[in-house]
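Look over the chain below from end to end before reading on.

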Amino acid sequence: MSFLRNRAGYILVGAIGFAIVAFLVGDVVSYGGSFMGGDRTTVGEVAGEKISFDEFKAQVDQNEANFKQQMGQATLNPQMASYVLENTWNQKISEILLNKEVERLGLSVGEQEREDLVSGKNPDPQIVQAFGNPETGQLDRAQLTNFQNNLKSQDPNSPVRQQWVNFLLSIQRNRLFQKYNNLVKNSIYVTSLEAREEYSQRNKLADFNYVNLEYSSIPDNQVKLTDGDYSEYYNENKNLFINKEESRTIEYVAFDASPSKSDTAAALQAINKLAADFKATPNDSLFVSINADTKMPLAYVKKGQLEPALDSVVFNASVGTVVGPVFTNGSYKLAKLVDTRMSPDSVKASHILISPATEGSPERAKAKADSIYNVIKNGGNFAELASRFGSDATKDKGGDLGTFGRGSMIPAFEEAVFNGKPGDLKVVTTQYGTHVIRIDRQIGSSRVAKVAIVDKAVISSSQTQSTAFSKASAFLSEVKDAKSFDEAAKKDKVTKLLAENLTPSQANIPGFENPRELVRWAFESEEGDISEKVFEVGDRFVVARVTDVREVGTLPLEKVKAQIEPVVRNRVKAKMLAEKLEAALSGASSINQVASKVGRPVTPVQNIVFANPVLPGIAQENKVVGTVFGLQPKKLSKVIRGEQGVYVVQVNGFTNPAPLTNTINQKQQMVQALDQRAQGQVLEVLRDLAKVKDYRLRFF
């Protein structure tokens, strides 16, 4: 029955990577709760529906736990944690939006349909995966019936019953997803006329000549831009300046508090003091646990697994030799060769992982593993028991872990499989739970070494940190506005850095490990504000100033002026250059005459299709290629204002493709392409209309 926790976790991990997969809870589950505390307990709003902090935090915690299990890590770094948070948020938005759509459309999963999804002729793939026969890949109905019968004896509030309910809900929301998605797919239609047009755009070839005057031919300093130039472009393209997410830009100075030379010397002195005692100690494991900064368990390693500075020396030393200290990865290290032996190069093994979380305690997990061990010893089928009781993804393969070398597994597990012999059955407890392990095969043989490592990290002393903080504090006391900020940076000879368009969920700023406090301050501040305190971010002390605030909505001209300046300048250049080409066009009957008047060569182009409007050696020029396919052969075009310059073109001719006699395949290809985009675009449209309010910054 422990498969339920694993399966629910598997579903959630999938939801993190692809939010829309788990998007509906349907009419069976209601979200919400008490909102008496107002925004103090609300992490966001979607289409008027509030998301409580407690509910959202529980979902984040669950997804983090699943992500850790999936990645095989005990902790998540700030970037990983931010990734999980962001995907959980997107998942939650999708759930609410699509749940409303399902309710609006009246979609549901009936009682008989729910039963068929579990035990009908075509059960849901999740049921088959959970209760399938590993050998046949088909649903083991006896196993399913037995589980359901056992479930009836469980307390209604038991974890197993709740896991089963959640499992069924995931199946139901997947079915609702299929129904909604089918509605979207069935709304997509391509006409025969559209199919022929698409076919022509991808296969009709154009052969033409052009003359161009490039914008780069006019130096930028010869172009004077007016407010009217900016306003004209801005007003014509306001749709390009819609800001969907609030952002901040900050400039900052950072005072380095990384370890100094004296800090490095102190770490070296500390490690040198340990060398003699390390060599003499009779208990290497205890010595490492007491004296090392990194409490690495003693384990056998093969050549190449240690740092290069230690590897060759250790493998050429005699037992008891202490190597080092050597400096690597920010630490000084001593390595002691404890033992050497011949060991398999790789092992093929299988396991059944019993999770303490599922069983209720480590003791219960160990007891269950011992019971399974005894069943297997007495002739029980390992693969069948793994499929039934395992709590990780290998249960679907009968517990098969495949073949792996040293360094692939955690030390306790590795010790068991590399130091045993084929056919051995062992029970081993690790941080993931209790494993029933079977050694299936051992391959090759080479020398391995058991190494104890004591390290001392080179870290900043309190004096180093205090000095850096004092400099930052002195800087902060001098700045009152942008001018004094610049003057103080120049005086202190520190470089001003810029972090542009920070979002509320921003997890990183280049050079900073975890800048959340700095980001939170930026969003609580107004444009021009200077931080009221010095921020400690990793090994740097930071003073910052907010230089730009961008609210949701259409950005005003002054916010985008610098951004659009290159385009506006090219538009002014286009007017200047267009006058030359228009004068050259006057009275001209061929492209050669135009070229002669402006002193530019005629450039021939062949085999251009409408669907790929790129001029070889230039760039993508939509207007130019679009004009070509609208021209009659031998006719001169009017002046075209493109992306890289102004153009005049003359078409030599077109090569038409073979007639499209059967549009069915073409229509199917177009429908498939549209279908692939539709699912994401539907969510994007719903989200744009939903007025999503994000308050996560207050809590995370």
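Is glutamate 251 buried or exposed? In this predicted model, glutamate 251 has a relative accessibility of 8%. Buried means under 20% relative accessible area, so glutamate 251 counts as buried.

The side chain of glutamate 251 forms a salt bridge with that of lysine 496, with 3.2 Å from N to O. This pair joins distant parts of the chain, as 245 residues separate the two. Glutamate 251 belongs to strand 5 (residues 247-256), while lysine 496 sits in the loop between helix 18 (482-492) and strand 14 (497-502). Lysine 496 has a relative accessible area of 36%, so this residue counts as partly exposed.

Another salt bridge connects lysine 92 and glutamate 55, whose closest N and O atoms are 2.4 Å apart. Here too, distant parts of the chain are linked: lysine 92 lies in helix 3 (residues 78-105) and glutamate 55 in helix 2 (residues 53-71), 37 residues apart. Lysine 92 and glutamate 55 are both buried.

Aspartate 311 and lysine 303 also meet through their side chains in a salt bridge, at 3.5 Å from N to O. With a relative accessible area of 7%, aspartate 311 is buried.

Salt bridges can also be joined into a network, as happens with Glu232, Glu236, Arg571 and Lys575. How many salt bridges does the count come to? The count comes to 39.

Other charged residues belong to a surface patch. Glu526, Asp529, Glu532 and Glu551 form a negative patch. Patches are made of residues that have no salt bridge and over 30% relative accessible area. Glutamate 551, one of the four named in this patch, is located in the loop between strand 16 (540-550) and strand 17 (553-554). The relative accessibility of glutamate 551 is 45%, so this residue counts as partly exposed.

Now consider the chain as a whole. Its secondary structure consists of 23 helices and 21 strands. The radius of gyration is 34 Å, whereas the globule rule gives 27 Å for 700 residues; because the value for this chain is well over that, the chain is more spread out than a compact globule. Along the principal axes, the C-alpha atoms fill a box of roughly 100 × 75 × 60 Å. Of the 700 residues in the chain, 43% are buried.

How values were computed
Residues are numbered from 1 along each chain as its sequence is written. This is a predicted model: local features need pLDDT of at least 70, side-chain atom pairs count only at pLDDT 80 or more; totals for chains, interfaces and linings use all residues. Side-chain values use heavy atoms; hydrogens and water are left out. Helices (H or I, at least four residues) and strands (E, at least two) are DSSP runs, numbered from the N terminus. Buried means under 20% relative accessible area, exposed over 50%, partly exposed in between (1.4 Å probe, protein chains only). Patches are made of residues with over 30% relative accessible area and no salt bridge: like charges are joined within 9 Å, nonpolar side chains (Val, Leu, Ile, Met, Phe, Trp, Tyr) within 5 Å. Accessible areas come from the Shrake-Rupley method with a 1.4 Å probe; for residues, only the protein chains shown count as cover. Lys and Arg count as positive and Asp and Glu as negative; His and the chain ends are not counted. The place of a charge is taken as NZ of Lys, CZ of Arg, CG of Asp or CD of Glu. The radius of gyration is taken over C-alpha atoms; the globule rule is 2.2 Å times the number of residues to the power 0.38.
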